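Q: I have a structure open and would like to go through it piece by piece. Can we start with the terms as they come up?

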Amino acid sequence: MTFDHRRHRVARMGAVRRVACLALAIPLALAAPATVHAADHAAARAADGATQAPRPALLVFTRTAGWRHDSIPQAVDALRDLAAQAGLEVVHSEDPAMFDEARLRRFRAVVFANTTGEVLDAAQQAAFERYIAGGGAFMGVHAAADTHKRWPWYGDLVGAWFKGHPPGLQRSGVRFESGRGPDGRTHWQVTDELYNYRRNPRPSVDVIATVDESAYAGGTMGADHPIAWCHAGAGGRAWYTGLGHAQALYADPVFRAHLLRGLRYATGQSDAC
């Protein structure tokens, strides 16, 4: 073999080696950015999860130790829908063990939705008092006023205890006071079980709405018959409506707007009750 032939053969072998090295390098070069990008995306997702705070929560409590309203499921469903509109997560429970300081700390407000009777023991009552005094909030629906009638602090929180009601469902006009009706509404017709209370709560609360006793039989409070009110006398905010017995009422857009207004007030989203 001549010198020229040997030189040509060496050059050709060198070219083959360069091509082979290049062929191996290309997949590695292409794969590396994809691996880096995948790691970056995973890190970004982890960071998002670490910084994303849990949604504020609302405890809907429906335990009964007396009469049980068949509208409780409708009340819970309505409150869940309305809370979602307000950006709140709902925890529905009938477990009185929820009333300890560690658990209550999670909730912006506690709703007693058609509770009845003595539903908390002494330790749970004390925890709830501390929760409200520390800035927690209460929202009561209908039979919340027929709850814990031997607990004076609770009587002040709910505003007035249930005394009795006319038989069946009654139809009455509802008058909203001081612009407190949903969407500026001042009057509304309602068909529901209309509570009479042991006292008129007006001296210690801000009245939201009254009913007209002249329109139905069985009212015992006279010309001034509050049916919904709010206050902040116990340290945190409290809001109550005496309406909410009838199942059909929870599909009524005015009543739902009334409840949503109460939710927003109780959870501090609005100062308008």
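A: A disulfide is a pair of cysteine sulfur atoms within 2.5 Å. The model here is predicted, so local features need pLDDT of at least 70 and side-chain atom pairs count only at pLDDT 80 or more, while totals for chains, interfaces and linings use all residues. Residues are numbered from 1 along each chain as its sequence is written, and side-chain values use heavy atoms, with hydrogens and water left out.

Q: How many disulfides does a search of the whole structure find?
A: The search finds 1 disulfide. C230 is joined to C273, with an S to S distance of 2.0 Å.

Q: Which parts does the pair C230 and C273 tie together?
A: C230 lies in strand β10 (residues 226-231) and C273 in the segment after α6, so the bond ties together parts that are 43 residues apart in sequence. Helices (H or I, at least four residues) and strands (E, at least two) are DSSP runs, numbered from the N terminus.

Q: Is C230 buried or exposed?
A: C230 is buried, with a relative accessible area of 1%. Buried means under 20% relative accessible area, exposed over 50%, and partly exposed in between, using a 1.4 Å probe and protein chains only. C273 is also buried, at 5% relative accessibility.

Q: What else lies in strand β10?
A: A228 does. A228 is buried, at a relative accessible area of 1%.

Q: Which residues does A228 touch?
A: Not counting residues up to four places away in sequence, A228 touches V207, I208, A209, Y240, T241 and H258. Contact means heavy atoms within 4.5 Å. The C-alpha atoms of A228 and P201 are separated by 9.7 Å, and the two residues are 27 apart along the chain.

Q: Changing topic: at what angle do α2 and α6 pack?
A: Helix α2 (residues 72-85) and helix α6 (residues 253-266) pack at about 55°, and their axes are 10 Å apart. That makes α2 oblique to α6. Axes are lines fitted to C-alpha atoms, for helices over the stretch in contact, and angles run from 0 to 180 degrees between N-to-C directions. Angles under 35 degrees count as roughly parallel, over 145 as roughly antiparallel, 65 to 115 as roughly perpendicular, and the rest as oblique.

Q: Which residues make the contact between α2 and α6?
A: From α2 there are A78, L79, D81, L82, A83 and Q85, and from α6 there are R256, L259, L260, L263 and R264.

Q: What about loops, for instance the one between β11 and α6?
A: G242 is found in the loop between β11 (238-241) and α6. G242 counts as buried, at 0% relative accessibility. Leaving aside neighbours within four places in sequence, G242 is in contact with H142, E193, Y197 and I227.

Q: Where does H142 lie?
A: H142 lies in the loop between β4 (138-141) and α5 (152-158), and H142 is buried, with a relative accessible area of 0%. Phi of H142 is near 50°, a positive value in a residue other than glycine.

Q: Why point that out?
A: Because most residues other than glycine have a negative phi.

Q: What is phi of S178?
A: Phi of S178 is near 50°, again a positive value in a residue other than glycine. S178 is placed in the loop between β6 (170-176) and β7 (187-192) and counts as exposed, at 69% relative accessibility.

Q: And how many helices and strands does the chain have?
A: The chain has 6 helices and 11 strands. Buried residues make up 46% of its 273 residues.
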